[in-house]
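This briefing is intended for reading alongside the sequence and the coordinates. Please keep both at hand while working through the topics.

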Amino acid sequence: MTVTTRPAEAATSAPCGDTPLFGEMAGDIAVSYEFFPPKTEKMEAQLWDAITELAPLAPKFVSVTYGAGGSTRERTHATVARIRRETDLVPAAHLTCVAASKGEIDEIADEYWDAGVRHIVALRGDPQPQDNGVFRAHPEGYASAAALVEGLRKRHDFEISVAAYPEMHPEASSAQSDLDNLKRKIDAGSTRAITQFFFSADAYFRFLDKALAAGITAPIVPGIMPVTNFAAIRRMSANTEIPASLESLFADLDERPGPRALVAAVAAADLCKRLYDGGVRNFHFYTLNKADQTYAICQLLGLRPKETV
């Protein structure tokens, strides 16, 4: 098993001479990307443009999300199947516990396995709108992500990723209970955890310390969200701290998409470099089906397209 070790905080020094901020990045990183299933033909074209542009960077895998209450079940499966069929990428299908019995979820898992999909991102899922923000398990379903992982592991020998929350899941009663839940998911047979997006490298490293102290040894991959719309990020952040410095960077840019995209790429690359300086070599990017920012960040980190023969 790969062991998550606490990266040693590298000493930093002010840039000197003519060396650019990202000028000495070795490109020795591994990346993965998240996409969501398209609703329209136009969105499908945008998705495949993004996949085509990012594919040469040779991601370890690409994941496809699963809508609340299974609302995108068929579209998720169709997108994953097309990636498997038409590209050399390794697809990972999101799967949740929401609004489905164990039998239904097992059937979906079997369909993925039969289609050659070997990687599942196992999630509890968000509460349904009619449940007023409270998760209610299907009476014949899996009650938690840990139970889902255990069920999937019994079904097939999937590679399984789960979610982690460096600044605590919004519904958790405490940071310790949230960490205990992560350990249950790992102990049930998960391969790795992928974090919710965050904006503080220190928050991620503190979380790694706590995870190691709790006996969690599986890799915990940082999830990186380039800021496409700062107002939307504020709404989505929940327990995620937004540093004042980031607020300042994006001041007055919500109505200026071009400059905002440029600032977002540099800000995310700066966060990744801080993580890199602390020993991180694996990154998961929430692309929102757009390639430019993610590609730019990878470029700044020294990653280059894989040469084809």
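The structure is a predicted model, in which local features need pLDDT of at least 70, side-chain atom pairs count only at pLDDT 80 or more, and totals for chains, interfaces and linings use all residues. Residues are numbered from 1 along each chain as its sequence is written, and side-chain values use heavy atoms, with hydrogens and water left out. Helices (H or I, at least four residues) and strands (E, at least two) are DSSP runs, numbered from the N terminus.

**The sheet**

- Nine strands make up an open sheet with parallel pairing, in the order β7-β6-β5-β4-β3-β2-β1-β9-β8; two strands pair if DSSP finds at least two bridges between them.
- The edges are taken by β7 (220-221) and β8 (223-224), each of which has a single partner strand, so one side of each is left without a neighbour in the sheet.
- Strands of a sheet pair through backbone hydrogen bonds, either parallel or antiparallel.
- Strand β1 (residues 30-35) runs parallel to strand β2 (residues 62-64) and is joined to it by three bridges; Glu 34 stands opposite Ser 63 in β2.
- Four bridges connect β5 and β6 in the parallel sense, and Val 162 stands opposite Ala 193 in β6.
- Strand β6 (residues 192-195) is covered on both faces, with Arg 192 and Ile 194 buried on one side and Ala 193 and Thr 195 buried on the other. Buried means under 20% relative accessible area, exposed over 50%, and partly exposed in between (1.4 Å probe, protein chains only).

**Helix packing**

- Helix α2 lies across β2 and β3 (91-96), and runs at about 165 degrees to β3. Axes are lines fitted to C-alpha atoms, for helices over the stretch in contact, and angles run from 0 to 180 degrees between N-to-C directions.
- The buried residues of α4 include Ala 145, Leu 148, Val 149 and Leu 152.
- Those buried residues of α4 pack against β3, α3 (102-114), β4, β5 and α5, where contact means heavy atoms within 4.5 Å.
- Helix α6 (residues 201-213) packs with α9 at an angle of about 35 degrees, the axes being 9 Å apart.
- The crossing of α6 past α9 is right-handed, meaning that the near helix is turned clockwise from the far one by less than a right angle.
- In this packing, Ala 201, Tyr 204 and Phe 205 of α6 meet Leu 271, Arg 274 and Leu 275 of α9.

**Nonpolar cores**

- A nonpolar core is a set of buried Ala, Val, Leu, Ile, Met, Phe, Trp, Tyr and Cys residues joined through side-chain atoms within 4.5 Å.
- The largest nonpolar core has 68 residues, and the members that touch the most others are Tyr 33, Leu 152, Leu 182, Ile 220, Leu 275, Phe 283 and Phe 285.
- Helix α9 gives the most to this core, contributing seven residues.
- Another core, of 18 residues, lies apart from it, and Phe 199, Val 227, Ala 264 and Tyr 286 are among its members.

**Salt bridges**

- A salt bridge is a side-chain nitrogen of Lys or Arg within 4 Å of a carboxyl oxygen of Asp or Glu, and the count by this rule is 14.
- Arg 82 and Glu 44 form one of them, at 3.0 Å from N to O. This pair links distant parts of the chain, with Arg 82 in helix α2 (residues 73-86) and Glu 44 in helix α1 (residues 41-54), 38 residues apart.
- Arg 82 is partly exposed at 23% relative accessibility, and Glu 44 is partly exposed at 32%.
- Glu 44 and Arg 82 also belong to a network of salt bridges with Arg 85 and Glu 86.
- Arg 124 and Glu 171 meet in a salt bridge of 3.1 Å, N to O. Arg 124 lies in the loop between β4 (119-123) and α4 (145-155), and Glu 171 in the loop between β5 (159-164) and α5 (175-187), so the pair ties together parts that are 47 residues apart in sequence.
- Asp 277 and Lys 273 form a salt bridge of 3.2 Å, N to O; both lie in helix α9 (residues 257-277), four residues apart, about one turn of the helix.
- Asp 277 is partly exposed at 26% relative accessibility, whereas Lys 273 is buried at 16%.

- Ala 26 is found in the segment before β1 and is exposed, at 56% relative accessibility.
- The C-alpha atoms of Ala 26 and Leu 303 are 7.8 Å apart, although 277 residues separate the two along the chain.
- Leaving aside residues up to four places away in sequence, Ala 26 touches Tyr 276 and Gly 302.
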